[in-house]
Amino acid sequence: MKISVNRSAIIDAPIDRVWAVLRDFNSHDRWHPAVARSRMENDVGGDVVGGVRQFTLEDGVDVREQLLRHSDRDYTFTYCILDSSLPLFDYVATVRLKPVTDGNRTFWDWRSQFRTLDEGAAELEKRVGRQVYEAGFTGLRRYLAEQTERPRPPAPQRATAEVTVAGGEHLPSKAVMVAATGGPEVMSLSDVTVSAPGPRQVRIRQTAIGVNTLDIKHRRGIAPGFDLPGTPGMEGVGEIIDVGEQVSGLFPGDRVAYMNRTPGAYADIRCIDGDACIPLPEGLSDIDASSLLKGVTAALLLSRVFRALPGATILIQAVSGGVGHLLSQWAKTMDLTVIGTVSTTEKARFSRDRGCDYPIVVAEDRSPAAEVMRITNGCGVDYWVHSSGARGLDTAVACLARCGHCAVIGDRDEQPVFVDVNGLKQRSLTISAPVCFDYFEDRLYLQRIAHQLFAKIQSRMIIPAIETFPLSRATEAHHRIESRQTMGAIVLIPGG
Amino acid sequence: VRNIQLKDGARVREKLLSLSDYDYSCTSTILDSPMDLSDHVATLRLFPVTEGNRCFIEWSAEFDCPPEKVVELSESVGQGMFQTGFDALKKRYGQR
C-alpha cells in the first residue's frame, strides 16, 4: 500500500536561522526529541550528497538514511531510508523551507512517500506524521529558543567594569585609530565611546577580527574608501550586545560574523548593520569564523568568477597566504589539481599540507612559467588566481591553457594594468578583476556561501591556519604581513 | 484577461496564464499598466500548513524594468500589491 505523509508548520524565526540548523543532515540528535543518537558513516559532512546517517531512536529502533539531494539555494534536502526495522519501503522524504516575508518567519514543509503493508498502514502514517514530523517542529522551536536564552559565558578580560552592563546608551571601548597614513606605527589604540545601535544596526562585543591586505592599503593611503582619522578593518566576529528596533531575527547574545564594505572593525565594541551579520552555527569557534571574508572570496572565485570544473588545473599565487591557503583547500574539495607559488621552502611545506599538489618556490624576480609548463605537460593551467597586480601578469597569460581564465584579485594597485585583448584572442583567454563586495551585494548569495564555508570548516574539509595577535598589537600584526613572514591568516583578539 | 481599476484610478490589464486547483496556484502576466515594467509574470501559490490548519501564501513576481526603478517597483509590487493583499486576507479570515 502506497502512503503519502505531509506535515507543515510556521516557525517564528528567520529562514537562515532555521536552515543553519536543518541543513546539517546529522543535526537531529541535537533538536529532534525522537532521536537519541545520530552519526555519519565514514565521517562525511552532514551536507554531502550520498552521505549515510545512522540514527538510534529513543525507543531503540535503528535507522540508516541516505542524503539524496541538498540545496542551500532552495533550502531543501531529500533523503531515503536504507535500513529500518519498521515496515517502511521505498521511503523518500523531502524537507523544504520557504521564507515568510510577512513577519520574517519560516514555512517548513516535510513530506514523504513510501509503501507499507496494508495492515497497520494508517497507524504508521500517524506515527511518521506525528512522532517524526510534528515532534520535529516542536523540537526545533525549543532548540532555537534555548539557543537564544542560554546564558553566555562572560567574555574574557573585559576592559572595564562598566562594559559588562549591556544595553546602555554609551559603552566605553577601545579602537585602533589611524590619524595620518603611513607605516604600521601610525596605528594606535585609543579610548572611544560606542553609542547605542541605530534602528537597523546591532552593537557587537567583538572576539576576533580578521586582518586583510586591504586594511594595510587603507592605512598606507593607497586604496580608496578610508577616511582619516579612521579605524581600519573589514570583518569581525562577536556577540550581540543590543539590537536596533528595526532589526529582526537577531538577538542579544547571538554569535555573529560580518563583513562590510566600510572599514571600522579594529575595535572592542562597534555597531554594524544587522543585514551584514551572519549567525554562527554552534560548534564553530569565533577564531575560525573570522576567516569569513577570505573563505567566501575563495568560494566566490571557484563558483562565480569562473566555474571551476572537476579535474581542471588551478594556479594560486601566494598559496600560503590568507586567501591562498583557504582557496587551495576548497579547490581540493572540488577535485582540482592545485599548483601554487610561494617564496620559501617552509611555505611550500605548509601549502602542501593544505591541498596544494605542486608548490613552486619562486624568487622575487623569477618567473614560474617553465615550472608550470613542466607540471602541466606543456598545456598550461585552466585558472590562474593572480594577486601581484601588474607584476607577472604577462607570465600568467602565457601560462594559461586554451579558454583559460585569469582572475586578478587583491586590491587596486598604484600601478595601472594594461591588457592586450588581441593576445587574449589568440587562445580565447579571459581576465577578470573581481571585488568580492560587489558580488556580495546579493546578501542571499553571501549567506549561502558562508553556510558552505562554515560547514566545510566544521567537517574539517577546510582547516583555517590562523595566527592571533592582541588588538593592542595590531602594529606588529601589520609588520608581519608586510614583511611577508606570515603563513595563513592573521586575526586580532580584542580585550588583550 | 481581466481589466481592473485600482483605487487610485490606474487601470491594469492582466492575463491568466495558468490555474491549477491541484497545486493551488495561478500565474498571470501584466499586459498594460501605468507602471514602467515589462515581461511581468507573477505566481500565487498556496500551501497547507497542517499545524493549526492554516494557509501559507507565496506570491512572487519577476519583471524587467529600468535599473533606477528597481527599488521603487519592487516596493510597490511587493509591499503595495502583495503585502496589502495578505493584510486584507488576514482581516477577512481572522488574523492568526
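Author: Contact means heavy atoms within 4.5 Å. Helices and strands are DSSP runs numbered from the N terminus (helices H or I, at least four residues; strands E, at least two). The model is predicted: local features need pLDDT of at least 70 and side-chain atom pairs pLDDT 80 or more, whereas totals for chains, interfaces and linings use all residues. Residues are numbered from 1 along each chain as its sequence is written, chains are lettered from A and ligands numbered from 1 in the order in which they are written, and side-chain values use heavy atoms without hydrogens or water.

Reader: What covers the buried residues of helix 8 of chain A?

Author: The cover includes helix 7 (322-333), strand 16 (337-342) and strand 17 (358-361) of chain A. The buried residues of helix 8 (residues 345-352) are Lys347(A), Ala348(A), Phe350(A) and Ser351(A). They fall within an arc of 165 degrees when seen down the helix axis, so they line one face; the arc is that of the directions from the axis to the C-beta atoms. The face turned away from this side carries Thr345(A) and Arg349(A), which are exposed.

Reader: How do you know whether Thr313(A) is buried or exposed?

Author: Buried means under 20% relative accessible area and exposed over 50%, with partly exposed in between (1.4 Å probe, protein chains only). Thr313(A) has a relative accessible area of 14%, and is therefore buried. This residue lies in strand 15 (residues 313-316) of chain A. Beyond its neighbours within four places in sequence, Thr313(A) touches Thr337(A), Ile339(A), Thr376(A), Val381(A), Asp382(A) and Tyr383(A).

Reader: What makes strand 15 and strand 18 of chain A a pair?

Author: Two strands pair if DSSP finds at least two bridges between them. Strand 15 and strand 18 of chain A have 3 bridges, in the parallel sense, and thus meet the criterion. Within this pair, Ile316(A) stands opposite Val385(A) of strand 18. Strand 18 is mostly covered, with 5 of its 6 residues buried. Strand 18 also runs parallel to strand 19 (residues 400-408) of chain A, joined by 5 bridges; there Trp384(A) has Cys406(A) as its bridge partner.

Reader: Why is the unit of strand 18, helix 10 and strand 19 of chain A given a handedness, and which one?

Author: A crossover is right-handed if, with the strands pointing away from the viewer, the path from the first strand over the helix to the second runs clockwise. Strand 18, helix 10 (residues 393-398) and strand 19 of chain A make a right-handed β-α-β unit.

Reader: What is meant by the largest nonpolar core, and which residues have the most contacts inside it?

Author: A nonpolar core is a set of buried Ala, Val, Leu, Ile, Met, Phe, Trp, Tyr and Cys residues joined through side-chain atoms within 4.5 Å. The largest has 51 residues, and Phe306(A), Ile314(A) and Phe454(A) have the most contacts inside it. Among the elements giving it two or more residues are strand 15, strand 18 and helix 13 (443-458) of chain A. Its largest share, 9 residues, comes from helix 6 of chain A. Leaving aside neighbours within four places in sequence, the contacts of Phe454(A) include Ala257(A), Ile278(A), Leu284(A) and Leu292(A).

Reader: What makes helix 4 of chain A largely enclosed?

Author: Of its 8 residues, 6 are buried, so helix 4 (residues 213-220) is largely enclosed by the rest of the structure. The buried residues are Leu214(A), Asp215(A), Ile216(A), Lys217(A), His218(A) and Arg219(A). Their cover includes strand 8 (170-178), strand 9 (187-195), strand 10 (201-211) and helix 14 (474-482) of chain A. Gly221(A), with a positive phi near 80 degrees, follows the helix.

Reader: In what sense do strand 2 and strand 3 of chain B pair?

Author: Strand 2 (residues 11-20) and strand 3 (residues 25-32) of chain B pair in the antiparallel sense over 7 bridges. Ser20(B) has Ser25(B) as its bridge partner in strand 3. Their hairpin has 4 residues between the strands, and in it Tyr24(B) takes a positive phi near 55 degrees. Strand 3 also pairs antiparallel with strand 4 (residues 38-49) of chain B over 5 bridges, forming a hairpin with 5 residues between the two strands.

Reader: How much of each chain is buried?

Author: Buried residues make up 52% of the 496 residues in chain A and 22% of the 96 residues in chain B. Chain A comes to 14 helices and 22 strands, while chain B follows the pattern β-β-β-β-β-α.
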